[in-house]
Amino acid sequence: MPYQLIWVIFLLPLAAFALTGMGTRLFAKDRPALSGYISVAAIAGSLILSVWALITVLSSTGHELPVPALDWLVVGSLNVQLGMIVDPLTVIMLIVITFVSLMVQLYSQGYMHGDPGYHRYFAFISLFTFSMLGLVLFDNLLITFVFWELVGLCSYLLIGFWFQRPAAANAAKKAFIVTRIGDFGFLAAIILLLSQTGTLDIGELNNLAVTGLLAGSALTWAALGIFFGAVGKSAQFPLHVWLPDAMEGPTPVSALIPAATMVAAGVFLVARMFPLFESSEAALLTVAIIGGVTAIFAATMGLVMTDIKRVLAYSTISQLGYMMLGLGTGGVAVGIFHLVNHAFFKGLLFLGAGSVNHAAGTFDMRKMGGLRKVMPWTFVTFLVASLSMSGIWPLSGFWSKDEILASSLANQPVLFWLAMITVVMTAFYMFRVIFMTFGGHYRGDGHPHESPRVMVLPMVALGVLAAVSGLVNVTGGFGAFLGHGETHGFIEGLFGIFTHPLPWFGLILAGAGILLAYAMYSAQWLSPLRIRRFFAPLHTIFSRKYWMDELYENVITRLVLMKGIFAGFQLFDSHVIDDGINSRIIEQGIVRNFFNSLKFFDEKGVDGAVDGVADTTLGAGKRARKAQTGQLQVYGLFIVLGILAIILLAYFLS
Amino acid sequence: MEFPFLTLIIFLPVVGALIIALIKGLSATQIRYTSLLATGIPLVLSVILFALFDRSEALAGVIQFEENISWIPLIKAFYHVGVDGLSLPFVILSALIGFLVILISWKINMRVREYFAWILLLQAAITGVFASLDFLLFFIFWEIELIPMYFLISIWGAGRKEYSAIKYVLYTLFGGAFILAGILVLFFATGSLDMVEMAKTDLGAIALAIPAVITFFFFFIGFAVKLPVFPFHTWLPDAHTDAPTAVSVILAGTLLKMGGYAMLRINVTMFPDVSELWAPMLLGLAVINIVYGGAVTLKQTDIKRLIAYSSISHMGFVLLGIFALGQVSMTGATLQMFSHGIVTGLLFAITGIVMHNSHERNITKLGGLAKQMPNVAIMFALGGMGAMAVPATSGFIAEVMVFLGAFSADVVPGAPIFTIVGLLGILLAAAYILWTLQRVFFGQRLEKFDGVKDADRVEKTFGVIFIGLMFLVGVFPTVLTDIINTGISPITSLFGG
């Protein structure tokens, strides 16, 4: 494959953005459908080329496609080039991004139909896809940061798409600022790496870490800084708070941003810089711990939400925690494998939730029920995705989750047990959703119906992948492609996995979670109400989200910063600096005295006509009106006098 | 003799001002077009200058388009103008802002003749500062700028305009006195007013009447008032808040840059040893500017005052880049000045439209305007992207260069720590920009603003020019960094870089 086509993959969505953002807005305002077609065509082109790139990389020796670099910025010791890495990690990400984006865009044509911001929507989606592609393609950490930030900007624009709704505007702002706290760490790491190594080339940096030329505390701090960026972007504890609120965006956006692609950027970044992490035990351990803790922490909140999208949001945070745990204990292939599978099943779950909303007009599960009969397609695909995420054999989630559990058992036993508990919770909350939404009788007051074909088809396509994408590593081939593990036969892998006790254990736990959900929400053997009462304190903690929003927003932001420190600065600025030091010393002290002495000179030396100079400073506001021009003439006079003085002095000295 | 580009760029606005002032009976429209011409031609000339400027490394630090004529032989004062890589970007910026400001002032209806005459005179003075290579000439341009500023704020301003105007004059005068003292010290020691010669002279080897450290701070205080640097910054919010829109744009666009430019041209270049010695303290001030300025910005409720305080924070990055004394950091600081001129110029211009059309400037009373004025909202959002350093805008690359350069410059001890603290500035910027955007433009549409007009054609025109340049520099920073670099590299060599 000619390397120029890699650039085309990247630039097609940008072209779509330019066309839908400006072109159609100006020339085809009355034909909104056009922008949808343009975006879809562009992203489909990117997908086809990405598949070609995958095949090329698979078949090439060394699994890499060289792309010549272009100069971008050279100043002194700073040399930033636009080069690309096209290796297995990149092409896998390309496929995931372009495929999920294509599905989401197809679906959006139905979901966003008739929205007044239709042009804008597709423009933003295209820009977002472009930024994601840039993020995974370029080989310089500064350029990665460029796209990292652009992805953040696009998520801001998409989450706040319905900006007239205060909740959406708030959520967008929150998402941007919270992720930017993480970016602070990423940027600090970039700065540190440049000063330590003189380069920001990802390949070189990784080499330096592998060969030990970059080591010690600098490396650890750099790795931690990068990870802090990933914590923000991938919504890990303690920066996870933005993601649930981000559900205020249109639902297909939720599928694209918090589910499939943007949040995966953090996981990707850690994977891309993995040699740095591998060389620092502390950094790797941090990744594993944050991942493991986030997984269970978010799952607890998922147990009690009644808004279907919120459940999915917390499940996303939890699953991202799994990915981090996989990276921290098992390496790149383990984490990325779950990323790929998760992108398909979680993308699908969000589209399903959107479809349900399209039908029932609400996201509140208490007003749903019985939708299985009227929305068979939505139900079946949603069920497949839920089973997959719960880790049921042989669906995709089973395979990647099993790898994460196995690697954490081998390396971090404590985290392993947390992850095992999370398995039960995951199965429970997903099937709680299934039973509340699709089971029983309809409790709402609308007339639910199946969604149009343009929405159902992408769900089916994602459903197929959510079922089978895990099979790519049954032979160990996926791991080998990413550089580690060994391969074996397909059938051997498919059934041989049960020669180990762990998968049995995981399946039993998942089954227990499903059973519990069935008992509570379908068969009603157990009353949810009584269980909730029994666990009242826990229920309160979970449903109030551990009061972290309150802590961040009310305590830290409002109280400590806005009413405390910043208000203190403001008072200091207006009273001490402005009224105090500046007006006392500068305005009245120095300038007034300076003027007075000049005035004295002026009265004696020139004539008495000029007065009121000192008044300038004394009653500035009031008196200025009267003597406006006078003062300036005086001032002009002083300039002239000053110049005269210089000339005279020079004359006498020479 | 070569074509006198710089003289024309500086003095054509003066010609315009004289025509407007002296020819009676010009209609308002004629005055506007005369002004447009008197700034448009210099803009075209400055673009030609940009194209003709020789960027080769061999000419680093060499003055181009030089004009040097004896002026007051008695004190060896020359009419000496020229540009190198450091000053050219500012000459272009100044010509550009000067032109756009005429468009921004298009709706001025009060005392039109005087207004445009003063604006044109102001324009000439600012450009003159950047092009002067003779201390006396430099100082005269520096001080003359005060007079039009005074009238523009006190007559066409709003609120406590007389107070703000006087305050501006006093502060600048205060700073100017120090600058004059510094110039006199140098003049008596060397007998020359030539800034180029002075830069080549080793002032450490010459006995100055006043120690070099104090002379350094004479200049520094004068320039710090202008930039402004904490604690000399309080004139800025008042002047900005009460000035007419166009004057705010000039203030943010070019006037503040006189301070940063002069620090590089005079403090750093002529006193490298003192700079290096005192840099840690100045970096501390820079960080205070960034963090403190950003924090106070968040407390503002007047939309113009808010942007004024954000300027203080952004100028902190400039100070950080300059006194980290590294090649990348100083290039970044220069780029940041250019970028801030465009970005904040745009924000002030847009804010002016909001205030003019909605008759409201209190953020807590604004809201939902994106529905009534979509184009204004888009332009403000794009300007905000630049202010909070989103990639692809000029603000991003400038600030990142400052950070990267300051951290790794290795000239000033402690610079890495200051840099890391300074990074907080981009967080604060995101907070105040997004919060403002939300409070002014997002949320429910308010009925009281129904019927508020969106940007008209003239306003869209200057908006698009600002935005286009912001992205041009952000995506292809080499258009400027190549030039700036030739101006900065001779300075870097003073620090063994």
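**Notes for a first look**

1. Let's start with the overall build of chain B. For its 497 residues, a compact globule would have a radius of gyration near 23 Å, and chain B agrees with that at 21 Å. Please keep in mind that this is a predicted model.

2. Along its principal axes, chain B has C-alpha atoms that fill a box of roughly 70 × 55 × 40 Å. Its secondary structure comes to 21 helices and two strands. Of the 497 residues in chain B, 66% are buried. Among the contacts in chain B with a separation of 6 or more, 81% join residues 24 or more positions apart.

3. Now turn to chain A and a pair of helices. The axes of α2(A), residues 33–59, and α4(A) come within 9 Å and cross at roughly 15°. Because that angle is under 35 degrees, α2(A) counts as roughly parallel to α4(A). The crossing of the two is left-handed.

4. Which residues make the contact between these helices? From α2(A) come Ser35(A), Gly36(A), Ser39(A), Ala42(A) and Ile43(A), while α4(A) brings Tyr118(A), His119(A), Phe122(A), Ala123(A), Ile125(A), Ser126(A) and Thr129(A). They divide into six nonpolar and six polar residues, with no charged ones.

5. Finally, stay on helix α4, residues 118–137 of chain A, where you will find Gly134(A). Is Gly134(A) buried or exposed? Gly134(A) counts as buried because it has 23 C-beta neighbours inside 10 Å. Beyond its neighbours within four places in sequence, Gly134(A) is in contact with Phe10(A) and Phe147(A). The C-alpha atoms of Gly134(A) and Met84(A) are separated by 9.1 Å, although these residues are 50 apart along the chain.

Technical notes. Residues are numbered from 1 along each chain as its sequence is written. Chains are lettered from A and ligands numbered from 1 in the order in which they are written. This is a predicted model: local features need pLDDT of at least 70, side-chain atom pairs count only at pLDDT 80 or more; totals for chains, interfaces and linings use all residues. Helices (H or I, at least four residues) and strands (E, at least two) are DSSP runs, numbered from the N terminus. A residue is buried if 20 or more other C-beta atoms lie within 10 Å of its own, exposed if 12 or fewer, and partly exposed in between; C-beta atoms are placed from the backbone. Two residues are in contact if their C-beta atoms, placed from the backbone, lie within 7 Å. The radius of gyration is taken over C-alpha atoms; the globule rule is 2.2 Å times the number of residues to the power 0.38. Axes are lines fitted to C-alpha atoms, for helices over the stretch in contact, and angles run from 0 to 180 degrees between N-to-C directions. Angles under 35 degrees count as roughly parallel, over 145 as roughly antiparallel, 65 to 115 as roughly perpendicular and the rest as oblique. A crossing is left-handed if the near helix is turned anticlockwise from the far one by less than a right angle, and right-handed if clockwise. Ala, Val, Leu, Ile, Met, Phe, Trp, Tyr, Cys and Pro count as nonpolar, Asp, Glu, Lys and Arg as charged, and the others, Gly among them, as polar.
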